[in-house]
Amino acid sequence: MIEQDFVAQPYEKDVREGKVTYKSPSNIALVKYWGKKENQIPANPSISFTLDACATTTSLSYRKREKLSDDFSFNLFFEGEEKEDFKPKINTFLKRIEKYVPFIKEFHFTIETSNSFPHSSGIASSASGMSALALCLMDIERQMSPEITDDFFNKKASFLARLGSGSACRSILGDIVQWGSHHETKGSSDLYGIKYPYQVHEVFKNYHDTILLVDKGQKQVSSTVGHDLMHNHPYAENRFAQAHENLTKLTTVFADGDLSEFIKIVESEALTLHAMMMTSLPYFVLMKPNTLEIINKIWAFRASSNANVCFTLDAGANVHVLYPENEHAVVYQFIKDELVAYCENGQYICDRIGFGARKL
Ligand code: PMV
């Protein structure tokens with residue numbers, strides 16, 4: 001599909017008011033998206049596990065406006081409180097998507113949103129938040145155009161979510177989602193995420209992600225700035241090529257369940273992401289001393305126990321500890337005994353691979 005396919009056709013039905021609620025999860029990338037072109041087009045393809053526990057629930061109440069005007073009309077409540085400071089981000093999102101969902105200026109919206117994880121956890125809520133809002137808007141569009149198929153609905157929700165926050169387009173479906181075109185992945189697109197279309201070994205079923213909250217503070221460098229610093233980055237071209245190669249390698253790993261190969265790819269991707277940050281100009285470091293303590297502990301434990309535990313990182317200091325269901329008991333014990341001490345206030349979140357967003 002091309003961008004033009006997402007421009008709305010004239011709507012058949014008149015919708016005046018209502019309320020819709022979606023719960024949408026976060027996701028953790030295995031092959032990372034870092035660097036983009038105009039209009040949120042990724043510089044390389046990425047792939048992620050959809051999460052389950054970390055999610056945003058968004059209700060969208062909508063009412064046709066009496067008088068049309070040239071601005072968007074909405075109130076925004078986060079965890080029950082009106083949040084003026086969140087509004088500019090939503091306004092920018094609405095502006096970007098207006099071409100594709102032109103009805104949004106005709107309504108007044110009340111957006112009520114809440115996260116399953118603590119706001120100050122350092123966990124980005126943009127993926128779950130933007131995908132939940134995109135799904136609510138698509139639900140309204142489907143009421144006006146009932147012939148929309150589930151496939152188109154999911155693709156367009158992902159397409160819209162991408163325009164809010166790139167990685168959000170990987171939060172509509174589960175359990176493994178690829179975004180960005182890759183010559184070996186049929187149906188892959190820079191415009192939206194697709195469910196990974198090939199065979200996945202059963203060792204990846206119910207894969208665990210225990211998120212260690214190392215630093216709950218606000219990030220010093222936003223991902224928008226980080227993506228931008230990939231322009232003219234000395235290693236950018238090699239990095240983008242490496243992401244394509246790692247995706248090819250992962251296809252084999254997903255099919256045959258080779259966890260030692262999985263670990264190599266996933267940890268290398270995490271460290272490469274941070275290496276890009278450390279080698280951009282200006283350079284920056286998002287890892288904290290405890291991030292490295294945890295990484296070293298994981299390596300030592302893996303060497304002594306042969307457990308298939310590994311880490312990945314997003315654009316922050318927190319560590320995602322990944323391990324298969326059949327090793328849960330031993331790895332979880334290790335986490336409690338040796339890693340939780342490095343978490344801020346001992347806080348961590350037990351999550352696992354999930355199946356995507358749903359309507360409530
Ligand atoms: O969606 P953004 O623009 O916040 O970028 C997210 C980038 C990473 O989380 C670091 C990697 C990824 O692929 O999710």
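Helices here are DSSP runs of H or I with at least four residues, strands are DSSP runs of E with at least two, and both are numbered from the N terminus.

Some housekeeping on the model. What we have is a predicted model, where local features need pLDDT of at least 70 and side-chain atom pairs count only at pLDDT 80 or more, while totals for chains, interfaces and linings use all residues. Residues are numbered from 1 along each chain as its sequence is written, and side-chain values use heavy atoms, with hydrogens and water left out.

Now the overall picture. The protein chain has eight helices and 14 strands. Its radius of gyration is 20 Å, close to the 21 Å from the globule rule for 360 residues, so the chain is as compact as a globular protein of that length. That radius is taken over C-alpha atoms, and the rule is 2.2 Å times the number of residues to the power 0.38. Along the principal axes, the C-alpha trace spans about 70 × 45 × 40 Å.

How much of the chain is buried? Of the 360 residues, 55% count as buried. Buried means under 20% relative accessible area, exposed means over 50%, and partly exposed is in between, with a 1.4 Å probe and protein chains only. The accessible surface comes to about 15,800 Å², and 50% of that belongs to carbon and sulfur atoms. Those areas come from the Shrake-Rupley method with a 1.4 Å probe, and for residues only the protein chains shown count as cover.

On to contacts, meaning heavy atoms within 4.5 Å. Among the contacts with a separation of 6 or more, 76% are accounted for by residues 24 or more positions apart.

Let's go inside. In soluble globular proteins, nonpolar side chains tend to be buried together.

Next stop, Tyr 207, in the loop between β9 (193-195) and β10 (208-212). Buried or exposed, this Tyr 207? Tyr 207 is buried, at a relative accessible area of 1%. Beyond neighbours within four places in sequence, the contacts of Tyr 207 include Phe 49, Phe 262, Tyr 323 and Arg 352.

For contrast, take Lys 297 in helix α7. Lys 297 counts as partly exposed, at 29% relative accessibility, and touches Phe 334, Glu 338, Leu 339 and Tyr 342, again not counting residues up to four places away in sequence.

Finally, the backbone. Most residues other than glycine have a negative phi, and most peptide bonds are trans. Where are the cis bonds here? One joins Gly 174 and Asp 175, with omega about -15°. Another runs from Leu 281 to Pro 282, with omega near 0°, and Pro 282 lies in the loop between α6 (259-278) and α7 (289-305).

Two asparagines deserve a glance as well. Asn 306 has a positive phi of about 65°, lies in the loop between α7 and β11 (310-313), and counts as exposed at 64% relative accessibility. Asn 345 has a positive phi of about 55° and sits in the loop between α8 (328-339) and β13 (348-352); Asn 345 is exposed, with a relative accessible area of 64%.
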